[in-house]
Amino acid sequence: MRRSSRGMIITASVLVICFCALLMMMFDYHGAREEAGAAYIERGTIDTGAANLVSAIYLNYRLFDTLFEILVFSVAVLGVRFYLAQQRGNEEEVARIPESQVIRTSADLLFPPILLLGIYLVLFGHLSPGGGFSGGTVAGTGLLLCAVALGADVVARRFHEAALERLEWGVLLVILLFALSPIALWRLPLTDLFPRGRLGSLASGGSILIYNALIGLKVFIGTWVVVYSFIRHRGEI
Amino acid sequence: MIIVLLPLGHFLLAALCLAWQSGTRVLTLLSLLVDASLVGLLFSAFSQGETLAIVLGGWGRDVGIELADDRFSLVFCILALLLGGSVVAYLWKERLRPYFYMLLHLLLGSVFALLFARDLFNIYVIMELLTLVSFLLVGYERKPYQIWAGLKYLLLASLGMGMYLFGVAIIYYHTGTLNLSILTTQLIGQQNASWLLIASSLLVSGIAIKAGIFIFSLWLPAAHASATPAVSALLSGMVIKMGVVVLLRLAPVFPLSLPLEVLSAVTGLLGIIYAIYTYDLKRMLAFHTLSQIGYLILGIGIGSELEIAGSLEYAVGHGLFKGLLFLAAGAAVQATGKEDIPGLIAKRSQIPVATRVGLLIGTMGIMGLPPLAGFCGKTLLSNGTDSPVIQAILVLLSIGTVISFAKLLPLFRLERGPSSPWPKTVAYVILGLPMVLFLPLTRLFLPIEQWRESFGTIPFLESLLMVGVGLLLYRFLPKRLANLPQRIFRLEEAILVILSGFFLIYLLSVLG
Amino acid sequence: MNFINGVTIAIVLFGIGLLGLILRRDLVIKLLSLGLVNGSVILCLVSLNARPDGVPPIVRGPGGAPYVDPLPQALVLSAIVINFAILALALVFVMLLVERYHTTDSQRIEHEIEEEEGP
């Protein structure tokens with residue numbers, strides 16, 4: 001029973017090809033639209049103070065969406081940890097990476113720049129492409145590199161599970177409280193009350209920098225937790 | 001401001017649940033009470049005529065995200081609170097990890113956020129959060145069939161949201177905005193544009209997978225039947241309605257009336273046929289949910305004032321009695337250890353009295369016996385339209401509902417039974433009382449002449465007649481039909497059916 | 001207008017992903033196909049208003065070349081994170097199932113579950 005039945009293949013192909021053909025014909029796509037995104041381009045820097053308009057949108061105009069995105073990420077991390085928590089894999093079935101001097105040395109050389117790159121992406125997210133999500137992922141994968149080189153347990157001993165868990169929900173709490181904080185001044189939540197600063201400098205963009213830093217920290221911890229849960233469940237890398 | 005506080009407050013509590021592990025139940029209860037008072041405030045503001053519409057961040061509508069309330073949001077808020085309260089009561093004595101309550105808070109928060117959302121991409125993100133949270137709740141006990149049901153749900157829902165996002169891309173390309181209010185004005189002259197038809201078909205197909213429409217939501221019987229009873233109650237009563245609410249928001253903007261009407265007939269009839277011939281209690285309830293969504297979509301598709309009011313009432317009523325049925329069914333299954341209806345009937349003396357009463361009230365409601373909740377909604381729906389085809393479909397659905405629930409009747413013979421633990425009884429009361437008092441409660445929503453006219457003697461007699469006909473037909477109907485196709489509930493076939501459903505919607509929007 | 005542009009390629013990839021989701025039995029390949037489907041939607045969103053003379057929407061001063069529309073890019077950020085979350089959780093569930101049934105074949109797993117559940 002290795003292949004699907006012939007009827008299924010034919011029906012599926014017909015349906016999918018018709019679907020794609022219909023989409024292509026009816027989309028009515030003729031290149032880029034003029035004046036696309038004009039509202040954001042005209043007023044983005046004046047309203048938010050950030051040079052990177054994409055950051056301005058997802059951390060200021062449409063911050064509510066980003067909030068849900070953060071929650072989705074947190075739920076994913078918690079879900080992965082919950083389901084893989086109690087199960088230890090079979091140690092015998094797993095192939096181990098032999099101890100290698102090449103990996104060890106290159107990890108030594110690469111890890112500091114990777115971490116630095118991650119921090120740079122997070123802090124300068126409002127001035128150049130980057131932001132909390134990409135910076136956090138870069139730093140988290142740097143940690144994965146360490147785990148490959150030194151062994152996952154060594155790294156895990158440095159980052160205690162309980163402390164990570166507390167830090168994670170702590171950061172989420174701080175993000176939510178920060179989002180709700182304008183209530184203290186009787187403004188709507190999710191409003192940006194910080195000064196805009198000089199365009200192009202590090203201290204600009206209002207609260208975008210703060211959000212980027214918090215999100216970067218959260219994604220960093222989250223990526224490490226997900227990756228480590230998988231590694232631990234499997235037994236070894 | 002309150003409409004932002006409701007979701008954000010629940011998210012805050014979700015984060016706190018992980019911290020303060022011992023007090024989660026009390027915290028949840030307190031939060032529900034606080035929510036009730038906030039919703040009460042909103043309600044009083046609304047009935048004095050002010051609708052709130054805010055754009056988060058203080059920007060204009062064309063660049064920011066808009067949140068607004070209207071009568072549907074408020075009524076569903078009340079439903080959400082009732083269901084939340086009853087689930088918390090039901091699970092009071094069970095030892096659940098704080099992780100569960102965190103998921104519950106996230107669920108409630110995203111439900112509140114979706115009710116006030118007026119922006120296409122915001123709806124996407126909230127629906128994805130809802131999908132993930134319900135997926136995790138379905139697989140909570142980690143039994144293999146739950147995990148498989150949850151996985152099927154996740155794959156199909158993801159695919160659906162992918163289609164939805166494609167539709168959003170098309171709409172954004174041609175109109176340059178994602179805000180529903182702006183779209184309403186912009187699309188007035190362009191209702192026949194080719195891109196609009198395909199975009200709306202994509203949007204509806206994507207949402208229909210989550211909204212419980214039969215050809216799309218083929219994951220539903222497996223997922224709702226295998227989840228724990230409290231989770232099934234929440235999913236059937238609340239999460240499915242969120243898909244319907246999104247369709248409600250989309251219906252005035254896009255050319256959707258014919259597709260929705262046809263889909264409602266299809267889902268209603270197919271759901272009923274499967275429900276009549278299923279003898280597993282929870283699975284039958286799940287098929288029922290699929291069919292009752294037909295009522296809701298019909299009202300939305302027709303779109304007139306009275307019809308939408310009827311859909312709204314039926315949605316609330318359905319949330320109440322389906323929730324009640326799932327909770328009571330779960331308790332019954334737990335008490336007897338049997339999941340199929342003949343087995344339950346045989347062991348009915350082991351089922352607690354309160355559970356049986358709950359099942360009885362739920363059954364009476366779903367059959368449309370006056371003056372309970374089901375009767376109100378169904379009457380409004382049939383009064384709001386003159387088309388004989390639609391009236392015929394409604395009558396068929398009602399009779400079919402009665403037939404499928406008639407097999408539960410032997411369960412209700414008066415007998416002594418063990419008494420129920422108090423948390424469960426409280427849960428049944430929280431859901432059952434509004435159901436029974438539904439008729440007077442609808443006075444709040446309808447002007448008085450319509451109320452008197454819709455609920456006069458003739459509708460009373462009509463529904464009693466339909467119940468009688470249904471019970472009679474049940475005696476003469478064959479008890480086991482030749483195999484209904486069960487293969488469509490497998491993953492691959494389900495996707496093929498979804499694609500065909502998409503073509504159906506597209507054809508209907510072109511014709512309509 | 002170029003016929004080969006981001007949007008048409010995205011539609012083709014969507015179709016390929018759909019076919020993979022339907023026709024391949026292996027659960028891990030189904031997950032990859034789902035990733036492909038979601039990725040194609042992201043591609044479509046990003047290339048909606050792409051133009052050959054466009055410049056990334058990073059404002060360095062007044063004036064400047066035509067900036068590309070920043071909104072779809074912001075939407076795509078959220079979509080990518082959401083896809084990551086879905087794939088991670090789906091992978092966890094697939095792992096749990098594979099360990100229980102010792103096969104990645106979705107039809108066999110479904111069959112065995114139906115046998116356990118059925119009568």
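Reader: What is the mean pLDDT of chain B, and what share of its residues reach 70 or more?
Author: The model is predicted, and pLDDT gives the predictor's confidence in each residue on a scale from 0 to 100. For chain B the share of residues that reach 70 or more is 95%, and the mean pLDDT is 83.

Reader: Which element of chain B has the highest mean pLDDT, and which the lowest?
Author: Among the elements of chain B, the highest mean, 93, belongs to α5(B). At the other end stands the helix of residues 448–454, with a mean of 62, and that lowest-scoring element is α20 of chain B.

Reader: How many residues of helix α5 of chain B are buried?
Author: Helix α5 of chain B covers residues 120–138 and reaches 27 Å from its first C-alpha to its last, close to the 27 Å expected at 1.5 Å a residue. A residue counts as buried when its relative accessible area is under 20%. By that cut-off α5(B) is mostly covered, the number of buried residues being 19 of 19.

Reader: Which residue caps the N-terminal end of α5(B)?
Author: The backbone nitrogen of Phe121(B) has a side-chain oxygen 3.1 Å away, and the residue that supplies this oxygen and caps the N-terminal end of α5(B) is Asp119(B). The distance falls within the 3.5 Å cut-off for a polar contact between N or O atoms, and the capping residue is thus named as Asp119(B).

Reader: Is Ser158(B) buried or exposed?
Author: Ser158(B) lies in helix α6 of chain B, which runs over residues 144–175. Leaving aside neighbours within four places in sequence, Ser158(B) is in contact with Leu34(C), Asn38(C) and Ile86(C). Because its relative accessible area is 2%, and the cut-off is under 20%, Ser158(B) is classed as buried.

Reader: What radius of gyration does chain A have?
Author: Chain A comes to 9 helices and 0 strands, and its C-alpha atoms fill a box of roughly 60 × 55 × 35 Å along the principal axes. Of its 237 residues, 53% count as buried. A compact globule of 237 residues would have a radius of gyration near 18 Å, whereas the value for chain A is 23 Å.

How values were computed
Residues are numbered from 1 along each chain as its sequence is written. Chains are lettered from A and ligands numbered from 1 in the order in which they are written. This is a predicted model: local features need pLDDT of at least 70, side-chain atom pairs count only at pLDDT 80 or more; totals for chains, interfaces and linings use all residues. Side-chain values use heavy atoms; hydrogens and water are left out. Helices (H or I, at least four residues) and strands (E, at least two) are DSSP runs, numbered from the N terminus. The expected span of a helix is 1.5 Å times one less than its number of residues. Buried means under 20% relative accessible area, exposed over 50%, partly exposed in between (1.4 Å probe, protein chains only). A polar contact is a pair of N or O atoms within 3.5 Å; within protein, one must be able to donate a hydrogen and the other to accept it, and residues adjacent in sequence count only if both atoms are side-chain atoms. The radius of gyration is taken over C-alpha atoms; the globule rule is 2.2 Å times the number of residues to the power 0.38. Contact means heavy atoms within 4.5 Å.
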